[in-house]
Amino acid sequence: MRRVIRPAEEEMGNVIPVFLFTFLWFGSILGSMAVSGFHMTLCLFLAAGLLPLYTAVNGIRRALFYRRQRREAVALGDVKYGRICGVIRKDMPYYSGKHNVLRYRRYYHLQVEITDPVTGAVSTVESQGYRRQIHRYLASDQVSVYTDRSGWKYFLEDFQWKEHKSDPGVFDDRPMDFEETTAGSNNIVQILFIVIFILIILSSFLEGGR
């Protein structure tokens with residue numbers, strides 16, 4: 001089964017709901033202008049619609065930046081073959097909302113043992129953080145490890161995936177965490193919320209133009 005699970009820094013996030021929101025948002029404003037004409041209040045709504053669009057575009061640029069680093073490391077060809085020996089779960093704090101509420105994002109880091117073919121020395125490196133429980137999808141602990149030009153950053157490639165998530169794996173003994181993004185449910189909820197929100201805004205605009 002072909003599967004792609006990217007580190008968190010290479011994810012673009014939920015850009016489709018954001019672009020859908022922006023499209024519907026500006027569509028509702030244009031609809032209001034067609035009914036009641038242009039007035040200065042609409043400038044505020046136009047500016048508000050640009051904020052999520054800017055955030056989404058910036059997230060895409062960030063993801064492409066880190067994906068380019070991966071491609072450059074792979075093209076460099078400094079590769080070693082290692083064995084995934086452990087998984088570290090980290091809860092990283094961040095602040096959100098106008099009241100700066102402290103929240104946590106959960107990431108999963110893979111520990112990989114690399115054996116030097118000449119000296120036999122064993123070293124352990126750590127992957128970037130993944131939002132998804134990537135270890136739950138692995139059929140083997142073997143992986144390729146690419147190093148960038150600096151020698152400090154490692155990129156894992158050539159994962160061997162399970163055919164089905166229920167198939168036995170190498171990390172099934174780890175406690176399983178609940179995944180909110182299973183089957184894209186999180187995206188569906190966001191899209192439904194945005195559609196309902198835009199319909200409310202559009203309805204208020206049309207009623208105000210009567």
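Modeller: Let us begin with burial: a residue counts as buried when its relative accessible area is under 20% and as exposed when it is over 50%, with partly exposed in between. In this model, which is predicted, buried residues make up 30% of the 210 residues in the protein.

Biologist: How many helices and strands are there, and in what order do the elements run from the N terminus?

Modeller: The protein has 3 helices and 5 strands, and from the N terminus on they follow the order α-α-β-β-β-β-β-α. Of the contacts with a separation of 6 or more, 65% are between residues 24 or more positions apart.

Biologist: How should I read the salt bridges?

Modeller: The general idea is that side chains of opposite charge can pair when their charged atoms come close. The structure holds 12 salt bridges, and one of them joins Glu 9 to Lys 153, with the closest N and O atoms 3.0 Å apart. This pair links distant parts of the chain, since Glu 9 is in the segment before helix H1 (15-36) and Lys 153 in the loop between strand S4 (142-147) and strand S5 (154-157), 144 residues apart.

Biologist: Which residue forms a salt bridge with Glu 10, and is Glu 10 buried or exposed?

Modeller: The partner is Arg 70, the closest N and O atoms being 2.8 Å apart. Glu 10 lies in the segment before H1 and Arg 70 in helix H2 (residues 41-76), so the pair ties together parts that are 60 residues apart in sequence. Glu 10 is buried because its relative accessible area is 0%, and Arg 70, at 10%, is buried as well. Salt bridges that share partners join Arg 6, Glu 10, Arg 70 and Glu 157 into one network.

Biologist: And how do I read the aromatic pairs?

Modeller: A pair of aromatic rings is described by the distance of the centres and the angle of the planes. The structure holds 2 aromatic pairs. The rings of Phe 65 and Tyr 66 have centres 5.1 Å apart and planes at 80°, so this pair is edge-to-face, whereas those of Phe 159 and Trp 161, with centres 5.3 Å apart and planes at 45°, form a tilted pair.

Biologist: Are Phe 159 and Trp 161 buried or exposed?

Modeller: Both Phe 159 and Trp 161 are buried, while Phe 65 is partly exposed, with a relative accessible area of 39%, and Tyr 66 is partly exposed at 21%.

Key
Residues numbered from 1 in each chain as written. Predicted model: local features only at pLDDT ≥ 70, side-chain atom pairs only at ≥ 80, totals over all residues. Heavy atoms only, no water. Phe/Tyr/Trp six-rings, centres within 6.5 Å; stacked < 30°, edge-to-face > 60°. Buried < 20%, exposed > 50% of the residue type's maximum accessible area, 1.4 Å probe, protein only. Helix = DSSP H or I, 4+ residues; strand = E, 2+ residues; numbered from the N terminus. Contact = heavy atoms within 4.5 Å. Salt bridge = Lys/Arg side-chain N within 4 Å of Asp/Glu carboxyl O.
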